[in-house]
Amino acid sequence: MFRFLSSQKTRSFLLTAALVCAAAALIAAPGEAAAGAKEGLTLCFHVIVPSLFPFFVLSTLVVELGLAARLGQGLERWMRPLFRVSGSCAAALVLGFVGGYPVGARTALQLYEQGQCSKTETERLLAFCNNSGPAFILGVVGAGIFEDGRIGLLLYLTHALASLLVGLVFRFYGRGPGSHTSCRPLPIRTVRLSAAFTHAVTGAMQSILNICAFVTFFSVVLRLFTVYGVLTSLADLLGLLGFQPEWARRLIVGLLELSSGVSSLSGAAGLVGRASMAAFMLGWAGLSVHCQVLSYLADSGLSPRTYIAGKLLHGLLAAALTWVLVRLIPMEQPVSHYLTEQIGGLSESDFLAVLSLSVGSALLLALLWMISLLRSKKRVEKSRRFRYTEEKN
């Protein structure tokens, strides 16, 4: 059976059949396809563009102006022992936690292209640097879907902890003979601010259009899958493994597209099961996000295997941690009205509100980055003066 499916003729036939079926589905249900595309474009306009664009610009400036390399000199003592990556890789980790998908992966690839981390280090980094941002987990998932800010906070904590655990696991990746686990330190290369800013803005817009294309595509796919009963059939197959049909349907949607998957958990019974499945979906990120990341890796020569394996492990660890913590921490009492009101506003914000929040977060992160850089520079200069004094004496 495997030999039959692996043959070139079989793959070509299956691909042709799939394309013909997709064309027939679009012709038979053009209204549903248009509605799905409209939903995807609405999501892009209200959430994707305002939340990701400022962080894409910031990530490019951090790398091209040499801030990541300089900060990496001070963080080398932490990143190298824990994750076996260079200190510069901390830029991708931090921006991935704050900016959301796929800022971390894009920053990691930029560091690799700048020569700040080796091929093996970048593949390790991709396994755990691409994460969901706090605005989505706290606002949309916590306050919007679960209607409880504490659930959002718990999900973000387990999401972050699971990501770091994945990094610790993948530190052992690339230990085979002849593998290069680190790159030779290179001089810090920088470009002029005007050139870096221009490249950052144009590159960010290209990345945003790339992401919006995948979001819109998968919105159409999910809409057609629902209309033609494909989701129901796949849920029935998972039912053979012991899944309840409704939970199987939610899981399949989450495997394909994150936003639709977590939205399907709204109003379902069983807090432990809902929270655990939401944690898995957030860790796994969905096929839509994976396509966005793989589009960056297409011509890089980097293997996507560690990224896919890392996201799967991330989802499983986050689900397990959430399952344990929800059982240990009492969630019966309602969350403070003030906290719910403040966090819940994120999920209902318009374009300008989300854009203002993202720009403010990006500027705050840039300020903290500059403060850390100055402190790191002072420590380096102090260490050099101390060594000079020692040698002179």
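## A residue to start with

Is Leu-82 buried, partly exposed or exposed? Leu-82 is partly exposed, because its relative accessible area is 39%, and the range for that label runs between 20% and 50%. Keep in mind as you look that this is a predicted model.

To find Leu-82 in the structure, go to helix 4. Leu-82 also belongs to a nonpolar surface patch, which it forms together with Trp-78, Leu-161, Leu-165 and Leu-168. The patch covers about 440 Å².

Which helices supply the patch with at least two residues each? They are helix 4, spanning 67-83, and helix 9, spanning 149-169. Helix 9 gives the most, with three residues.

## Two pairs of packed helices

Let us turn to how some helices lie against each other. Helix 3 (residues 30-64) packs with helix 6 (residues 103-113) at an angle of about 20°, and their axes are 10 Å apart. Angles under 35 degrees count as roughly parallel, so helix 3 is roughly parallel to helix 6. The crossing of these two helices is right-handed.

A second pair is helix 14 (residues 271-284) and helix 16 (residues 305-328), whose axes come within 7 Å and cross at roughly 155°. Here the angle is over 145 degrees, the cut-off for roughly antiparallel, which means that helix 14 is roughly antiparallel to helix 16. The crossing of helix 14 and helix 16 is right-handed.

## A well-covered helix

Now find helix 7, residues 119-126. How many of its eight residues are buried? The count is seven, so this helix is mostly covered. The buried residues are Thr-120, Glu-121, Thr-122, Glu-123, Arg-124, Leu-125 and Leu-126.

## Salt bridges elsewhere

Side chains of opposite charge can pair when their charged atoms come close. In this model the count comes to six salt bridges.

One of them joins the side chains of Arg-223 and Glu-39, at 2.5 Å from N to O. Arg-223 sits in helix 10 (residues 193-227) and Glu-39 in helix 3, so the pair ties together parts that are 184 residues apart in sequence. Arg-223 is partly exposed, with a relative accessible area of 24%, and Glu-39 is partly exposed too, at 46%.

Another salt bridge links the side chains of Glu-246 and Arg-250, at 3.9 Å from N to O. What separates Glu-246 and Arg-250 along helix 12? These residues are four apart in helix 12 (residues 245-256), so about one helical turn lies between them. Glu-246 counts as partly exposed at 43% relative accessibility, while Arg-250 is buried, with a relative accessible area of 10%. Elsewhere, salt bridges that share partners join Glu-32, Glu-39 and Arg-223 into one network.

Key. Residues numbered from 1 in each chain as written. Predicted model: local features only at pLDDT ≥ 70, side-chain atom pairs only at ≥ 80, totals over all residues. Heavy atoms only, no water. Patch = residues over 30% accessible without salt bridge, like charges linked within 9 Å, V, L, I, M, F, W, Y side chains within 5 Å. Areas by Shrake-Rupley, 256 points an atom, 1.4 Å probe, with all protein chains shown as cover. Salt bridge = Lys/Arg side-chain N within 4 Å of Asp/Glu carboxyl O. Buried < 20%, exposed > 50% of the residue type's maximum accessible area, 1.4 Å probe, protein only. Axes fitted to C-alpha atoms, helices over the stretch in contact; angles between N-to-C directions. Parallel < 35°, antiparallel > 145°, perpendicular 65-115°, else oblique. Left-handed = near helix turned anticlockwise from the far one by under 90°.
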